[in-house]
Amino acid sequence: MAKTREQALFGAAVLKLTFAIKKMQHLPGFRVVYMGTLKEFQLTDEEVNQYILAHRDELDAHIRDRDKSPEEPTPEEPTP
């Protein structure tokens, strides 16, 4: 959970941009999750949009770095 308003804005902005980059922001699932995030952190969509405008480079770098991180290795299936 976000400890500060700045962290809440950052998290909401990353969520919104991630779905926008994947062109999935129109899906109902996104709207449910995003609106729930706004409600939980007591933010507005306009505040998130303003944060995105002010921090776009930082947000894009975070998303890029996160997306190129190696995934958790899956455990190998035991051999019979």
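Guide: The protein chain has three helices and zero strands, where helices (H or I, at least four residues) and strands (E, at least two) are DSSP runs numbered from the N terminus. This is a predicted model, in which local features need pLDDT of at least 70 and side-chain atom pairs count only at pLDDT 80 or more, while totals for chains, interfaces and linings use all residues. Residues are numbered from 1 along each chain as its sequence is written, and side-chain values use heavy atoms, leaving out hydrogens and water.

Visitor: At roughly what angle do the axes of H1 and H3 cross?

Guide: Two packed helices are described by the angle between their axes and the distance between the axes. Here the axes of H1 (residues 5-21) and H3 (residues 45-67) cross at roughly 70 degrees and come within 7 Å. Axes are lines fitted to C-alpha atoms, for helices over the stretch in contact, and angles run from 0 to 180 degrees between N-to-C directions. H1 and H3 are therefore roughly perpendicular, a term for angles of 65 to 115 degrees.

Visitor: Which residues have the most contacts inside the largest nonpolar core?

Guide: In soluble globular proteins, nonpolar side chains tend to be buried together. A nonpolar core is a set of buried (under 20% relative accessible area, 1.4 Å probe, protein chains only) Ala, Val, Leu, Ile, Met, Phe, Trp, Tyr and Cys residues joined through side-chain atoms within 4.5 Å. The largest one has 16 residues, and Ala13, Tyr34, Leu43, Val48, Ile52 and Leu59 have the most contacts inside it. H1 gives the most to this core, with seven residues.

Note on methods:
Parallel < 35°, antiparallel > 145°, perpendicular 65-115°, else oblique. Buried < 20%, exposed > 50% of the residue type's maximum accessible area, 1.4 Å probe, protein only.
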